[in-house]
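Trainee: I would like to go through this model with you. I want to know what stands behind each label.

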Amino acid sequence: MFSNVSITAERFEEKKVYLKISLTQRPRISELRYHGVKKSEREELEKRLGLVVGSQITPNLIDRAKTLIKRYFDDKGFKNADVDIVQKDDTSKENQIIIDVNIDKKEKIKVHQITIEGNNVMKDSKLKKVMKKTNEKGKLVNLFRTKKFVEENYEADKQLIIDKYNEWGYRDARIVVDSVSSYDDKTVNVYLKIEEGEKYYLRNITWVGNTLYPSEQLNQILRMMKGDVYNQKLLEERTNTDDDAIGNMYYNNGYLFYSLEPVEINVENDSIDL
């Protein structure tokens with residue numbers, strides 16, 4: 001790869017032109033130094049960036065490295081990290097350069113305030129407690145909980161809110177609007193608008209394809225009956241994840257390829273048939 005290409009006409013003879021093509025090869029990295037990060041962070045960045053001693057350096061490679069470094073620290077809660085990559089000639093080696101990667105992580109971004117609208121069934125305090133890793137700073141209730149804002153954790157916490165509504169019978173609950181905005185250089189505000197929907201109850205449960213165990217026995221193990229709240233968390237636990245779940249009962253008796261899939265066959269008003 002070359003950093004400079006020039007073509008000049010050296011001479012003309014009759015109908016011929018003699019060209020001179022001059023190429024300047026891009027420099028290679030002789031030394032790569034990271035500043036402002038821990039050893040474990042440096043090792044992780046080295047895996048991600050593709051900057052290695054002996055490789056040629058290009059403007060695109062530098063821009064990509066800056067983007068990946070900022071993204072890496074953004075995911076760790078350092079949303080204001082500064083990255084400066086400096087190149088300087090290695091005077092001891094021809095056409096080689098030393099790369100200094102200077103990183104200022106700054107302070108981790110924390111959550112200043114969480115505002116929730118549209119929630120009538122569950123109080124703000126209940127929903128905030130459901131969020132495991134997105135918590136307001138300066139609140140006694142969050143004394144031993146992480147207060148830093150990490151996008152990946154925030155997305156997971158939004159799903160935990162929906163899961164909690166599903167557990168309470170609100171199968172159609174969803175977050176219709178959410179946003180994250182800067183409060184100051186060190187904190188962000190989180191806004192959530194929830195549409196709770198209606199609460200649902202179980203009506204009829206019909207078992208299909210169960211030749212080994214009678215429906216009465218399966219209903220007893222399921223621990224859900226007509227009139228109960230349609231608790232999707234409990235349904236998953238009793239059919240698959242609990243040690244004594246129905247699925248495990250089949251599996252432990254040698255039915256390795258069993259299929260157990262709860263299907264909503266009818267939804268009418270506030271009732272659901274499975």
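Trainee: What makes the separation of E44 and R48 about one helical turn?

Mentor: E44 and R48 are four residues apart in helix 1 (residues 39–49), so about one helical turn separates them. Helices here are DSSP runs of H or I with at least four residues, strands are E runs of at least two, and both are numbered from the N terminus. This is a predicted model: local features need pLDDT of at least 70, side-chain atom pairs count only at pLDDT 80 or more, and totals for chains, interfaces and linings use all residues. Residues are numbered from 1 along each chain as its sequence is written, and side-chain values use heavy atoms, with hydrogens and water left out.

Trainee: Why is the contact between the side chains of E44 and R48 called a salt bridge?

Mentor: The rule asks for a side-chain nitrogen of Lys or Arg within 4 Å of a carboxyl oxygen of Asp or Glu. E44 and R48 have N to O at 2.9 Å. That is within 4 Å, so the pair counts as a salt bridge. Side chains of opposite charge can pair when their charged atoms come close.

Trainee: Why do E44 and R48 count as partly exposed?

Mentor: Buried means under 20% relative accessible area, exposed means over 50%, and partly exposed is in between (1.4 Å probe, protein chains only). E44 has 25% and R48 has 40%. Both values fall in between, so both residues are partly exposed.

Trainee: How many salt bridges does the structure hold?

Mentor: The structure holds 21. One of them joins D178 and K158, with the closest N and O atoms 3.1 Å apart. D178 lies in strand 7 and K158 in helix 4, so the pair ties together parts that are 20 residues apart in sequence.

Trainee: Are D178 and K158 buried or partly exposed?

Mentor: D178 is partly exposed, at 31%. K158 has 11%, so K158 is buried. K164 also lies in helix 4. Its relative accessible area is 18%, so K164 is buried.

Trainee: Which residues does K164 contact, leaving aside its neighbours within four places in sequence?

Mentor: K164 is in contact with M122 and V130. Contact means heavy atoms within 4.5 Å.

Trainee: What makes A173 buried?

Mentor: A173 has a relative accessible area of 8%, so A173 is buried. A173 sits in the loop between helix 4 (151–167) and strand 7 (174–182). Beyond neighbours within four places in sequence, A173 contacts I162, Y165, E195 and E196. A173 and G197 are 24 residues apart in sequence, yet C-alpha to C-alpha they are 5.4 Å apart in space.

Trainee: What is noted about the phi of K106?

Mentor: Phi of K106 is near 60°, a positive value in a residue other than glycine. Most residues other than glycine have a negative phi, and most peptide bonds are trans. K106 is in the loop between strand 5 (96–104) and strand 6 (110–117). The side chains of K106 and D104 meet in a salt bridge, at 3.3 Å N to O.

Trainee: Where is R223 placed, and why is R223 called exposed?

Mentor: R223 is in the loop between helix 5 (215–222) and helix 6 (232–241). Its relative accessible area is 52%, so R223 is exposed. Phi of R223 is near 65°, again positive in a residue other than glycine. R223 also belongs to a network of salt bridges with R238, D242 and D244.

Trainee: How do you know how much area domain 1 and domain 2 bury between them?

Mentor: Buried area is the accessible area (1.4 Å probe) that two parts lose on being put together, summed over both. For domain 1 and domain 2 this comes to about 390 Å², 46% of it on carbon and sulfur atoms. Five residues of domain 1 are in contact with four residues of domain 2. The domain assignment gives domain 1 (27–104), domain 2 (110–195) and domain 3 (201–273). Such bounds come from an automatic or database domain assignment.

Trainee: Why is F257 called exposed?

Mentor: F257 has 81% relative accessibility, so F257 counts as exposed. F257 is in the loop between helix 7 (246–252) and strand 10 (266–268).
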